[in-house]
Amino acid sequence: MIKSREDLMNLRNKYRDDVIMRLISYDSSNRTEVMVGMADCGIAAGARDTLKVLFDEVNNARLEDVSVIAVDCMGNCDNEPIVQISTPGKPVIRYKKVDTALAKEIVAKHLVGGSILDHARMEV
Amino acid sequence: MNPTRLQVLICGGTGCISSGCLDVETAFMESLEKHGLTDEVFVLKVGCLGFCEQGPIVKVYPDNTFYVRVEGKDVEEIVVEHLLKGKTVERLLFKDPETGERYFYYKDMPFYKSQHRVALKLCGIVDPEQISDYIGVDGYQALAQSLFDMTPKEVIDLIKASGLRGRGGAGFSTGSKWEFAYNVKGDKKYVVCNADEGDPGAFMDRSILEGDPHSVIEAMAICAYAIGADEGVVYIRAEYPLAVNRLRVAIEQAREYGLLGKNIFGTDFSFDIHMDLGAGAFVCGEETALLNSVEGLRGEPRIKPPFPAVVGLWQKPTIINNVETLANIPQILLKGADWFQSIGAPGNSGTKVFALAGKINNVGLVEVPMGITFHDIIYKIGGGIRGGKKFKAVQTGGPSGGMIPVKDINIEVTFENLLKAGSMMGSGGMIVMDEDDCMVNIAKFYLDFTVEESCGKCTPCRIGTTRMYEILDRITKGQGKEDDIKELKSLGETIKDTSLCGLGKSAPNPILSTIDWFLDEYEAHIKDKKCPAGACKDLVSYVIVPEKCIGCTICARVCPVNCIHTVDQTVGKNKKLHVIDQAECVKCGACLPKCPTKAIILE
Amino acid sequence: MAQTNSDTTLYAKLDEFIDSLQTKQGALIPVLHKAQEIFSYLPKEVQNHVAHKLEIPSSKVYGVVTFYSYFTMTKKGKYRVSVCMGTPCFVRGADKVLAKFESELKIKAGTTSEDGMYSIDALRCVGACGLAPVVIVNGKVYGRIQDNDVEGVIKDFLAEVEA
């Protein structure tokens, strides 16, 4: 039961997570896309866990303009799981062999902190 | 609910339900279960996404992929290839019928590219049966803003400044209407939402109520605060069971959350809404007829003035706004009058939703800025005429409107321009006609509708439209007389001048406008007893071209009245020539598509 | 007409609805909606009953019933064929589809066959214009129907109910 303006605001913040994905895709053209290679090679190398961690971490950090997307094979299967980060106006960055620990690091340092992790970077 | 990695949106508008989206939903549930993806993928049904021609539509977020004509059997492939492995199922992407190009994202599709969604913004984004979705996208913030930050007068001034005009037909300033009711002193006032969408081929209001009912509820509450009302009524067509149900759910949820009822947000503002079902009378879209119907009477119009804003429901001041008009209100409150003025054309701010249908490639619901040209709507968004046929005219305003012929295809769509062109905005049906449509026959179709729907209260409309119909019927049967056109015009003008309500005043429009632009077709029917489009059954005959007939007997076999006989003339490989006995032919057309050499033609 | 036992239950259901209303002011149309839902049509006896319960003249009830096309005084068939006659369906050939149903089922639109099996109605726009012309049989939607599809539709709905 909403009894004040604050109540409404609290509910808005609580429910926002459910719909934000649909809204961002709707009207934002400058969102960052985090792509995870999810072909058979990627999945075999553990990409599903990587994807899950990336998604949860991005959500926990409340990064509303970042979308985590599964994509097809990016080639270079030796280095799976591969994660590519595309931010409009910036060069595309690719990371290799991204396990769950590295995934957490990518969110914390690259997406939140804005610095590139040179040790895991690969050629695009 | 914990946020999931992927969301699958299934269009759950009436159009997509009719084309089988419920099977698709079930298939997703089963497949996700099978692949252990239920925690990662959230499936929900949303309101109309607009592209009805290509339904059922499925959208996948966050990558925003747009699948069309998805059937239950396609779902497994989407789940395995796309949801699990990230590989788009290309064969289900929209393919442009002209260029053959496939589109991954709806934003790139020509159908969506020129659209600007304001009233439909949340349709296809929120789950209409979950108030939490609406609250999550700033729902009811506009109501809070009105109650806490603004006086009723300030709300009215803002709506006036936005330039919003009624989307139900005539285009009267919404803010000014509210002001009339605000200025009347009284202890009891009403807010009525007109959801009696009766124009054949118009389904925008239904789609809004099906896809985003809370916007309408919130807007009614804002209006109630502005004019000082505490009771609202939604008058909705009984023929829209899905919209009725979604709205009922939405009203109940709003009550549960305390957004309808007593002391909303703990203030002294109280407001509640109930629904009244219409019972299938077109005239009830007229606001005073609607009020009579809500009062349980025959839906006959009242004499104006007094206007409903002064003397309305149960004799109390009443604001009647149409669904689409209301759907614009919360966003105007949140984003401001200047924002709304920045969309559209001078004096015609904002957007208009049209139900694009008829002989067009992309049938569906489109929302465009006011001032866009018909050409852009038909060719850019609509994808042109079906089957490469020639465009003849576009009909707007339903039975109250008229035809926009080829020569006016570049006019900008505004309330005033449409009136000047002999039509009107109406509620937003836009029906495209091609060379096969006979304008006399279409005029007769609309008049048949009006004759049926005339409430009978005043003579010009009740008797006059019947007389006009009789004349048109004669013309389409080849019994037209020389002065029929003169007679139609004079009857039409008289009915327009002397009818009481909008239905009668506009009933002759489809005829007068077709006479204006397609006089040659009328004359061909009357003088030459010919229907140039080949649509009027009594004026066409099916004949077999002897040079093309190969005597295969297929036509004779499909003829239901056995009127195709052979004559003693050899054709093809020693076969007999066939002819159609015109005296017996019932003109059913069954033979025409069956002929392998296209020897049967319409004359 | 004598009331049968099942009639009595139906009337009781209607009375229950009417008695639950907070006010009888403006209640006629909702009551008629409910009555049609219960009885499937509105014969004279039901109209008289409603008039009596709401304390209004029968003539007024009759006036309202005949005014609105949603209310019907004739019983519908076991198979209710509705052909959408909205403009988009019309320009794509709904008139021919309707004519074909009329000739196949040998009844006119707006009527019910004598054996109570079929009824045909010309429907006002249902708004599924992307599927024009649209035919609805007992709630099942058939889209993009042309006159030569009509026989198939009839076969389909007959099979559907038997199955």
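A salt bridge is taken here as a side-chain nitrogen of Lys or Arg within 4 Å of a carboxyl oxygen of Asp or Glu. The structure is a predicted model, in which local features need pLDDT of at least 70, side-chain atom pairs count only at pLDDT 80 or more, and totals for chains, interfaces and linings use all residues. Residues are numbered from 1 along each chain as its sequence is written, chains are lettered from A and ligands numbered from 1 in the order in which they are written, and side-chain values use heavy atoms, with hydrogens and water left out.

Three salt bridges are counted between chain B and chain C. One joins C:Arg144 to B:Glu53, with the closest N and O atoms 3.8 Å apart. Polar contacts were also counted. Such a contact is a pair of N or O atoms within 3.5 Å; within protein, one atom must be able to donate a hydrogen and the other to accept it, and residues adjacent in sequence count only if both atoms are side-chain atoms. Between chain B and chain C, 15 residue pairs are in polar contact, both residues being at pLDDT 80 or more.

The side of chain B that touches chain C draws at least two residues from each of α1 (14-18), β9 (272-277), α12 (287-294), β13 (351-358), β17 (429-434) and α17 (439-453) of chain B. Helices (H or I, at least four residues) and strands (E, at least two) are DSSP runs, numbered from the N terminus. The most comes from α17(B), with six residues. By class, this side of chain B has 26 nonpolar, 13 polar and 14 charged residues. Here Ala, Val, Leu, Ile, Met, Phe, Trp, Tyr, Cys and Pro count as nonpolar, Asp, Glu, Lys and Arg as charged, and the others, Gly among them, as polar.

In terms of contact (heavy atoms within 4.5 Å), 53 residues of chain B meet 33 residues of chain C. Buried area is the accessible area (1.4 Å probe) that two parts lose on being put together, summed over both. For chain B and chain C this is about 3,300 Å², 59% of it on carbon and sulfur atoms. B:Ala279, B:Arg298 and B:Phe445 supply 18% of the area that chain B buries against chain C, more than any other three residues.

The interface of chain B with chain A was treated in the same terms. Contact involves 48 residues of chain B and 36 residues of chain A. The two chains bury about 3,700 Å² between them, with 57% of it on carbon and sulfur atoms. B:Arg5, B:Pro62 and B:Lys85 supply 16% of the area that chain B buries against chain A, more than any other three residues.

Five salt bridges are counted between chain B and chain A. In one of them, A:Arg22 meets B:Asp133 at 2.9 Å, N to O. Polar contacts between chain B and chain A number 13 residue pairs, both residues at pLDDT 80 or more. The elements of chain B that give two or more residues to the side touching chain A are β1 (6-11), β2, α5 (131-136), α6 (141-149) and α11 (241-256). Of these, α6(B) gives the most, with five residues. The residues on this side of chain B divide into 21 nonpolar, 13 polar and 14 charged.

Over all chains, the structure holds 54 salt bridges. Within chain A, A:Asp17 pairs with A:Arg62 at 3.2 Å, N to O. This pair links distant parts of the chain: A:Asp17 is in helix α1 (residues 5-27), and A:Arg62 is in the loop between α3 (47-60) and β2 (66-71), 45 residues apart.

Aromatic pairs were counted for rings of Phe, Tyr and Trp (its six-membered ring) with centres within 6.5 Å; planes under 30 degrees apart count as stacked, over 60 as edge-to-face and the rest as tilted. The count is 20 pairs over all chains. B:Phe51 and B:Phe111 are stacked, because their ring centres lie 4.1 Å apart and their planes are at 10°. B:Phe51 lies in the loop between β2 (41-46) and β3 (58-61) of chain B and B:Phe111 in helix α4 (residues 110-113), so the pair ties together parts that are 60 residues apart in sequence.

Chain A has four helices and five strands, in the order α-β-α-α-β-β-β-α-β along the sequence. Chain C has seven helices and four strands.
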